Every structure is written in C-alpha cells, then in structure tokens.
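Let's take a walk through this protein together. Have a look at the fold first, and then we can follow how some of its parts meet.

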Amino acid sequence: VNGKIDSVISRGNVIRVKLDNGMNLILGPEYGGEIFYHKSERAVPSKFHLKVDFSDNTMLTIRLTSMGVIQALKDDDLERSYVYRRDFNPEVPSPIDEEFTFERFSKLLADNNRALKSVLIGKDAIVVGLSNSAFQDILYRARLHPKRKASELNKDEGRALYDAIRLVLRERIQLKGKNQFYDLYGNQGGYTPAMGPNMKQQNCPACGTPIEKLSVGGGHVYFCPKCQV
C-alpha cells in the first residue's frame, strides 16, 4: 500500500514487482494463473484473488487457476520464497539469457545421468523456466525420445537439444505466448506447440505416424515414436 513500482522483472516462471517502499509482489502465473490490466472498474472480472488499485484509477487483477503463486515479501525476505530463490538463482541460467551459450549448456549436460525431463524441468533443473509443455515441444523439435538420459546424448544431439530450446522460446515470445493463454491486455497468444496434448489422437506432421502418450517423471508426454529416438 502507498508504494510506487520501481521495476518489474521476469525470470523463469516468476515475476518480481519491486516497490519503492521495500516491498515486493512475487507472482507465478505460469503455474496456473491470469494477470490482467484494467482501465476501469467495469472491466474487472467477477473472480480474482488479488486486485491492485493504482493512483490513476486503473487496476491489476490476479487469479490463480491451479498452482499459481502470489506473495508479498519485504526485500530482506525474498530468499524465503522457494519460487523466487529457484528462478532468480544467478547460478542457474535462463534459456533466454545471452549468457546461455551452447558451451555452457554442454557443460551442464556433461556427466548428468538423469532423464532429460528432470534435467530440464523442476527444482533440480539445469535451466529455469521450462514447463512440461515446453519439454514435449522441445524434444519433438530435437527428435529425441522423452526417456533418453542426458549422459547418452552425443555432441550433435546435444546441439539439437540446445537449438530446439532456443527455437521454441524464441517463437513463443515472437508470437506473444501460447494460443491457450492471454497477455496483460486480454490478447490471445499465437503460438501453437508442435507437440503436446494438442496432438492427441493425431498423426505426426513429419512422418504420419500416430502420436503416442507416455508416462515420464510423474506426468504424461506426447511424442512421435518414429521421429523421436
């Protein structure tokens, strides 16, 4: 209350809204949530979990739809937040950072005997910000089977994985997000994943093989059994 926004920084799946009064609003909509900006009270939806009123009579609403996160923390308490601590950890690169080079990625992959899903997603991932949805899309583009281990990849496969990560994230950003999500102003994203639940009961667009579903790492992934080996 009575704070002025200094900055808004997004990293991984987390947004930090820093105020000038020593407070921070930590938001994790990627885990399930919607954030909308409204120019009048008439546009505010009937359901929300937090509404922030601005001095110009505009407002922001946040609604959690699954495992989304809303936290208000003092500067000194930021490290108490698991999602902030994980996604703003400078030791773990974000795939959209300039410092995320193939050489750095290769070092992180080397001698990593875990399955690719746990390597790329979750609390022990070597990068921040990738979801199960992105994982399926990336592995399809890289032509890698979901049950492969990082240590099994040769240099060409590691390069294909790196290029696929960069490609998927670049296209998502350019097309303003996935087509099932909406931005701050209610505009629908234009990116359709090449692989994922949207391919259920469909054939691979590259080879025509029926898409299959597989249980991996506590969740389901879709893949092409012919293209992804």
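In this predicted model, helices H2 and H5 lie oblique to each other. Where does that word come from? Two packed helices are described by the angle between their axes and the distance between the axes. Here, H2 covers residues 102–109 and H5 covers residues 155–174, and the two pack at an angle of about 120°. Angles of 65 to 115 degrees would count as roughly perpendicular and those over 145 as roughly antiparallel, so this pair falls into the oblique group. The axes of H2 and H5 are 10 Å apart, and their crossing is right-handed.

Now look at which residues do the touching. From H2 come Phe102, Phe105 and Leu109. On the H5 side, they meet Lys155, Gly158, Arg159, Leu161, Tyr162 and Ile165.

Let's turn to the cysteines. How many disulfides does the structure hold? The count is zero. A disulfide needs the two sulfur atoms to be within 2.5 Å. Cys224 is in no disulfide either, with the nearest cysteine sulfur, that of Cys207, 3.6 Å away.

Are Cys204 and Cys224 buried or exposed? Cys204 has a relative accessible area of 3%, so it counts as buried. Cys224 is buried as well, with a relative accessible area of 0%.

Definitions and conventions:
Residues are numbered from 1 along each chain as its sequence is written. This is a predicted model: local features need pLDDT of at least 70, side-chain atom pairs count only at pLDDT 80 or more; totals for chains, interfaces and linings use all residues. Side-chain values use heavy atoms; hydrogens and water are left out. Buried means under 20% relative accessible area, exposed over 50%, partly exposed in between (1.4 Å probe, protein chains only). Axes are lines fitted to C-alpha atoms, for helices over the stretch in contact, and angles run from 0 to 180 degrees between N-to-C directions. Helices (H or I, at least four residues) and strands (E, at least two) are DSSP runs, numbered from the N terminus. Angles under 35 degrees count as roughly parallel, over 145 as roughly antiparallel, 65 to 115 as roughly perpendicular and the rest as oblique. A crossing is left-handed if the near helix is turned anticlockwise from the far one by less than a right angle, and right-handed if clockwise. Contact means heavy atoms within 4.5 Å.
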